[in-house]
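Please read the following report alongside the sequence and the coordinates.

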Amino acid sequence: MNRLYPHPIIAREGWPIIGGGLALSLLVSMCCGWWSLPFWVFTVFALQFFRDPAREIPQNPEAVLSPVDGRIVVVERARDPYRDVDALKISIFMNVFNVHSQKSPADCTVTKVVYNKGKFVNADLDKASTENERNAVLATTASGREITFVQVAGLVARRILCYTQAGAKLSRGERYGFIRFGSRVDMYLPVDAQAQVAIGDKVTGVSTVLARLPLTAPQTESEPKAAAPQATPASQAAPAETVANQSTEQQQIEAAAAKIQAAVQDVLKD
């Protein structure tokens, strides 16, 4: 299976379903005529659901791309449950008419893949992130930033497919997974990432930039340096030699004053 563009316009995950629907539609058409209409509707639906068109891929190294088509339902600061750190969370909801092929949002190396069993509540709800069946890919970008992208099953989706594993290198836009029939993708980015989308925006897989992530993490404030000794104003700081000279002069003045006082006393006596 081709992992990079160009790849089949119709996702290979759908070939058996589309082929089966087409064969059944033809068979029922020959036997029952117009009664085959529901089967043709299903075949056309499967054909559009499993489409996977090639897209232009932005190459800005700071750009974090949308892994899928859909609608933005969450843009907020949250806790990344897989790394236990604060993060910028961006969630994309996919309905049954969106492209469901998942692609890498950046050039990165997969460090861990975590699968969690769960429910199949409506993927449009926030609780889907923690209650539904999901598969998380933890990765490190080419510049060393840590990101997490999570496939979340939905109300209709019953199967999450992930084709990557720890140690694999993904190129931006590279296909790594698929979710069948309505779902959600959660992105957890470092808190210094700058969101480029808002709730309600419609996004296109790998063409839309979700956020801009600086190549390097912001420097943490270092411990304050020891305060340098403050310079004493010239009027207040006298060199040691000057202080010694002033002390000698004071002694000489006091001695002269004592002599004058003794001479005055002698004169008074006379």
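Is Ser-183 buried or exposed? Ser-183 is buried, because its relative accessible area is 0%; buried means under 20% relative accessible area, exposed over 50%, and partly exposed in between, with a 1.4 Å probe and protein chains only. Ser-183 lies in strand β11, residues 183-189. UniProt, in an unreviewed entry, gives Ser-183 the feature "active site". UniProt positions follow the numbering used here, feature names are shortened, and annotations may be inferred rather than shown by experiment.

The model is predicted: local features need pLDDT of at least 70, side-chain atom pairs count only at pLDDT 80 or more, and totals for chains, interfaces and linings use all residues. Residues are numbered from 1 along each chain as its sequence is written, and side-chain values use heavy atoms, with hydrogens and water left out.

**Sheets**

The chain holds 4 helices and 14 strands; these are DSSP runs numbered from the N terminus, helices being H or I of at least four residues and strands E of at least two. Two strands count as paired if DSSP finds at least two bridges between them.

β11 belongs to an open, antiparallel sheet of 8 strands, ordered β9-β5-β6-β7-β11-β3-β2-β13. Its edges are β9 (169-170) and β13 (202-203); each has a single partner strand, so one side of each lacks a neighbour in the sheet. Within this sheet, β11 is joined to β3, and Phe-93 stands opposite Arg-184 in β11.

A further open sheet has 3 strands in the order β4-β10-β8, again with antiparallel pairing. Its edge strands, β4 (101-103) and β8 (160-162), each pair on one side only. From one strand to the next the twist averages 20 degrees, where axes are lines fitted to C-alpha atoms (for helices, over the stretch in contact) and angles run from 0 to 180 degrees between N-to-C directions. Ile-160 has Ile-179 in β10 as its bridge partner.

| Strand pair | Sense | Bridges |
|---|---|---|
| β3 (residues 85-94) and β11 | antiparallel | 7 bridges |
| β8 and β10 (residues 175-179) | antiparallel | 3 bridges |

**Chain and annotated segment**

Of the 270 residues in the chain, 39% are buried. Among contacts (heavy atoms within 4.5 Å) between residues at least 6 apart in sequence, 71% join residues at least 24 apart. The chain exposes about 15600 Å², of which carbon and sulfur atoms supply 58%; the areas come from the Shrake-Rupley method with a 1.4 Å probe, and for residues only the protein chains shown count as cover.

UniProt's unreviewed entry lists residues 21-50 as "transmembrane region". Over residues 21-50 the chain is 83% helix and 0% strand, with the end C-alpha atoms 13 Å apart.
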